[in-house]
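Keep the viewer open and click along as we go.

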Amino acid sequence: MDQTCCPQYTIRCHPLQFQPSKSHKKVLKKMLKFLAKGEISKGNCEDEPMDSTVEDAVDGDFALINKLDIKCDLKTLSDLKGSIESEEKEKEKSIKKEGSKEFIHPQSIEEKLGSGEPSHPIKVHIGPKPGKGADLSKPPCRKAREMRKERQRLKRMQQASAAASEAQGQPVCLLPKAKSNQPKSLEDLIFQSLPENASHKLEVRLVPASFEDPEFNSSFNQSFSLYTKYQVAIHQEAPEICEKSEFTRFLCSSPLEAEHPADGPECGYGSFHQQYWLDGKIIAVGVLDILPYCVSSVYLYYDPDYSFLSLGVYSALREIAFTRQLHEKTSQLSYYYMGFYIHSCPKMRYKGQYRPSDLLCPETYVWVPIEQCLPSLDNSKYCRFNQDPEAEDEGRSKELDRLRVFHRRSAMPYGVYKNHQEDPSEEAGVLEYANLVGQKCSERMLLFRH
């Protein structure tokens, strides 16, 4: 990690606390428009958003404005004229002190406001030059602090009114509640109902990655063809390299054994292919490992012809929603692993936009919120995220003699094995292995030695 050009840090997302950003919502809406009406976005067709936007961080600002029900009522021209005249009367004394007024002939107002305006001159303040003060002809701006105070004041009034009515034995009459503008959940955005005459139909199927499964078998050739098309177009691989045997080894032959415990999810644990079928054709496949504590995203391949749907982002959001669904049945399954975060590669930073998420410290193996890691990664491609200089890996190998070795068809502790060895360099290799796997695994696995 401290020597490679592109250190890879394990990243995990907290699906239960996840809220889609503005860019995520755009991807989901784009998919819904395509399914409902066949609309194809003419915007950026990049599969992943590479940079987070400021607007994502302030996505809820309009909800605050809506709650306060702030409106600028400029519906009619007469209202505009009336507000100007009343403002002039109220401000006339203070304006005299500030300076002279300018008069505008009604003809110039008619050009802006249209017909039906009076023929006599109206005193109107010209907007000040930049830096010369507020424009009195426009509604005053409301700052966020003022809006918060207004909201708190209304809440206190409501509470006081309710308390007074209750004390007098009268029915409680509450003030009208502010309009709620709660953001839609991820599930609300994904599973919106489509019209009966929708242009397209999307179906997501989860099939075990096993040749013993009939559904996996029947879709294997189509899935492999899609994989080849993806590798050639996206990763510029030669078609002859994309062989079925390599595809099978890479994404179909899993070391995980399928399990179906009573307290586990209905699909069980193991390796799966999450297939995205559009109008009867596979357009994307997400390879997943479903484990007791997490869903791990292994790989995604998709049809490059549908890049305009941002299938990389869309599938990640579907997988987060899927993890939340599994959590309802299996409460300990509460994390979504996204593989590796590579900060030194700009195209791989998009994984950091699914928040809240953590990075794994490469030295102490504790999880650290990604917000705390990014400043350090901006300064150095390799970082120890744990800020405690005294902290160590709690699972490190502490007793080398307890490590298990397989030698001459027998399993034995390393303490026994080393008594029969004369090569001094042997211990250095065993120690490196022990540091890599940790104490627990070194006692559960067998290190083969001739």
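A surface patch, as the word is used here, is built from residues that have over 30% relative accessible area and no salt bridge, with nonpolar side chains joined when they come within 5 Å. Keep in mind that this is a predicted model. With that in hand, look at Phe 406, Leu 446 and Phe 448: together they make a nonpolar patch on the surface, with about 280 Å² of accessible area. Phe 448 sits in strand 13, residues 447-449.

Now for the inside. The largest nonpolar core has 69 residues, and Tyr 301, Tyr 354, Leu 359, Leu 377 and Phe 385 have the most contacts within it. Helix 10, spanning residues 311-329, is the top contributor to this core, with nine residues. Apart from this core there is another one, of 10 residues, including Leu 403, Val 405, Val 430 and Leu 447. Back in the 69-residue core, zoom in on Phe 385. Leaving aside residues up to four places away in sequence, Phe 385 touches Tyr 9, Leu 359, Leu 360, Cys 361, Pro 362, Val 368, Cys 373 and Leu 377.

Leu 377 also turns up next to a histidine, His 343, which touches Arg 349, Leu 374, Leu 377 and Asp 378 when residues up to four places away in sequence are not counted. His 343 is in the loop between strand 8 (335-341) and strand 9 (357-360).

Most peptide bonds are trans, and most residues other than glycine have a negative phi. The bond between Arg 355 and Pro 356, though, is cis, with omega at about 5°, and Pro 356 is in the loop between strand 8 and strand 9. For phi, check Tyr 365, which is not a glycine but has a positive value of about 55°. Tyr 365 lies in the loop between strand 9 and strand 10 (367-369). Gln 236 likewise has a positive phi of about 55° without being a glycine; look for Gln 236 in the loop between helix 8 (214-235) and helix 9 (244-252).

On to the charges: the whole structure has 14 salt bridges. One of them pairs the side chains of Lys 229 and Asp 303, at 3.0 Å from N to O. Why does this pair tie together parts that are 74 residues apart in sequence? Lys 229 lies in helix 8, while Asp 303 is in the loop between strand 7 (294-302) and helix 10, so the bridge spans those parts. Lys 229 is partly exposed at 35%, whereas Asp 303 is buried at 4% relative accessibility.

Arg 249 is exposed, with a relative accessible area of 52%, and Glu 246 is partly exposed at 32%. Salt bridges with shared partners also join Lys 229, Lys 281, Asp 303 and Asp 305 into one network.

Notes. Residues numbered from 1 in each chain as written. Predicted model: local features only at pLDDT ≥ 70, side-chain atom pairs only at ≥ 80, totals over all residues. Heavy atoms only, no water. Core = buried A, V, L, I, M, F, W, Y, C linked by side-chain atoms within 4.5 Å. Buried < 20%, exposed > 50% of the residue type's maximum accessible area, 1.4 Å probe, protein only. Helix = DSSP H or I, 4+ residues; strand = E, 2+ residues; numbered from the N terminus. Contact = heavy atoms within 4.5 Å. Patch = residues over 30% accessible without salt bridge, like charges linked within 9 Å, V, L, I, M, F, W, Y side chains within 5 Å. Areas by Shrake-Rupley, 256 points an atom, 1.4 Å probe, with all protein chains shown as cover. Salt bridge = Lys/Arg side-chain N within 4 Å of Asp/Glu carboxyl O.
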